[in-house]
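Here are my notes on the side-chain pairings in this model. Have it open beside you as you go through the points.

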Amino acid sequence: MEREYSDNEPARAEVDVLPGATLLEFGTSWCGYCRAAQPLLEAVLPGYAGLRHLKVEDGPGRPLGRSFR
């Protein structure tokens, strides 16, 4: 499981062509909701060995997150 949100987001076109299943998690390290979700994700993700998990920092002006609305 990824621990930190990356501030270097991939382009939407790169995400769209990723092979296999991907959990794309948008958030920030200071967000209370994002932090509260982490124990739940840590409990569930080990059961999905083939699942790619990408944590991307989100906020105003961040194009990847905006592209998913």
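**Notes on side-chain pairings**

1. Arg66 pairs with Asp58 in a salt bridge, with 3.2 Å between the closest N and O atoms. The term here means a side-chain nitrogen of Lys or Arg within 4 Å of a carboxyl oxygen of Asp or Glu. Arg66 is partly exposed at 44% relative accessible area, and Asp58 is partly exposed too, at 21%. (Buried is under 20%, exposed is over 50% and partly exposed is in between, with a 1.4 Å probe and protein chains only.)

2. Before going on, a word on the ground rules: this is a predicted model, so to speak, with local features needing pLDDT of at least 70 and side-chain atom pairs counting only at pLDDT 80 or more, while totals for chains, interfaces and linings use all residues. Residues are numbered from 1 along each chain as its sequence is written, and side-chain values use heavy atoms, with hydrogens and water left out.3. How many salt bridges are there in the whole structure? The search finds 4. One of them joins Glu42 and Arg3, at 2.5 Å from N to O. Glu42 belongs to helix H2 (residues 32–44) and Arg3 to the segment before helix H1 (12–16), so this pair ties together parts 39 residues apart in sequence. Helices (H or I, at least four residues) and strands (E, at least two) are DSSP runs, numbered from the N terminus. Arg3 is exposed, at 56% relative accessible area, whereas Glu42 is partly exposed at 35%.

3. Another salt bridge brings together the side chains of Arg12 and Asp16, at 2.8 Å from N to O. Both residues are in helix H1, 4 residues apart, which is about one turn of the helix. Arg12 is partly exposed at 31% relative accessibility, and Asp16 is partly exposed at 49%.

4. For a charge to sit over a ring, NZ of Lys or CZ of Arg must be within 6 Å of the ring centre and within 35 degrees of the ring normal. Lys55 does this with Tyr5: its charged end is 4.3 Å from the centre of the ring.

5. Back to Phe68. The count of aromatic pairs comes to 1, and the rings involved are those of Phe26 and Phe68, with centres 5.9 Å apart and planes at 50 degrees, so the pair is tilted. (Rings of Phe, Tyr and Trp, the last by its six-membered ring, pair if their centres lie within 6.5 Å; planes under 30 degrees apart are stacked, over 60 edge-to-face, and the rest tilted.) The pair links distant parts of the chain, with Phe26 in strand E1 (residues 22–27) and Phe68 in helix H3 (residues 63–68), 42 residues apart. Phe26 is partly exposed at 24% relative accessible area, and Phe68 is partly exposed at 36%.

6. Leaving out residues up to four places away in sequence, Gln38 touches Met1, Tyr5, Glu25 and Lys55, where contact means heavy atoms within 4.5 Å.

7. Last, a backbone point: Arg69 has a positive phi of about 55 degrees although it is not a glycine. Most residues other than glycine have a negative phi. Arg69 is in the segment after H3 and is exposed, at 91% relative accessibility.
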